[in-house]
Amino acid sequence: MNPIPFLRKVALTEAVSFLVLLGIAMPLKYAAHLPIAVKIVGWIHGVLFVVFCFALWRAWIGARWPLSRAVTLFVAALLPFGPFFIDRRMRAWEAEFGSGATE
């Protein structure tokens with residue numbers, strides 16, 4: 001079973017939650033004095049990041065990726081738009097998994 005589609009979905013969802021945290025919740029906390037926004041969105045983002053790490057580990061092991069590929073994806077997840085930029089590569093890696101080829 002291909003673990004990469006789940007990883008892609010989780011990565012993009014986690015990226016959206018990160019952008020909501022930075023672009024909506026943080027301004028609400030400081031401009032509108034609503035710290036609850038950061039508490040809620042931050043908690044959701046944290047859970048999604050943990051799920052992303054699990055999905056990345058599962059894809060790394062299941063697809064037998066080199067460590068450099070897993071590290072690249074992890075670093076991309078730390079950047080606000082990183083998962084969106086690397087999604088094209090992830091689609092190629094998904095197709096690569098289906099064909100049985102490895103790097």
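This is a predicted model: local features need pLDDT of at least 70, side-chain atom pairs count only at pLDDT 80 or more; totals for chains, interfaces and linings use all residues.
**View 1. Packing of helix 2 against helix 3.** Helix 2 spans residues 35-62 and helix 3 spans residues 67-78. Their axes lie 10 Å apart and form an angle of about 165°; the two helices are therefore roughly antiparallel to each other. Their crossing is right-handed.

**View 2. Residues at the contact of helix 2 with helix 3.** Helix 2 contributes Phe49, Phe52, Cys53, Leu56 and Trp60, and these meet Leu67, Ala70, Leu73, Phe74, Ala77 and Leu78 of helix 3. By class, the residues of this contact comprise eleven nonpolar, no polar and no charged.

**View 3. The largest nonpolar core.** This core holds 18 residues, of which Leu7, Phe52, Leu56, Trp65 and Leu73 touch the most other members. At least two residues are supplied by each of helix 1 (4-31), helix 2, helix 3 and helix 4 (82-99). Helix 2 gives the largest share, with five residues. In soluble globular proteins, nonpolar side chains tend to be buried together.

**View 4. Surroundings of Leu56.** When neighbours within four places in sequence are left aside, Leu56 is in contact with Leu7, Trp65, Ala70, Leu73 and Phe74. Leu56 also belongs to the contact of helix 2 with helix 3.

**View 5. A separate nonpolar core.** Another core, of five residues, lies apart from the largest one. Its members include Ala25, Ala37, Val38 and Val41.

Methods. Residues are numbered from 1 along each chain as its sequence is written. Side-chain values use heavy atoms; hydrogens and water are left out. Axes are lines fitted to C-alpha atoms, for helices over the stretch in contact, and angles run from 0 to 180 degrees between N-to-C directions. Helices (H or I, at least four residues) and strands (E, at least two) are DSSP runs, numbered from the N terminus. Angles under 35 degrees count as roughly parallel, over 145 as roughly antiparallel, 65 to 115 as roughly perpendicular and the rest as oblique. A crossing is left-handed if the near helix is turned anticlockwise from the far one by less than a right angle, and right-handed if clockwise. Contact means heavy atoms within 4.5 Å. Ala, Val, Leu, Ile, Met, Phe, Trp, Tyr, Cys and Pro count as nonpolar, Asp, Glu, Lys and Arg as charged, and the others, Gly among them, as polar. A nonpolar core is a set of buried Ala, Val, Leu, Ile, Met, Phe, Trp, Tyr and Cys residues joined through side-chain atoms within 4.5 Å. Buried means under 20% relative accessible area, exposed over 50%, partly exposed in between (1.4 Å probe, protein chains only).
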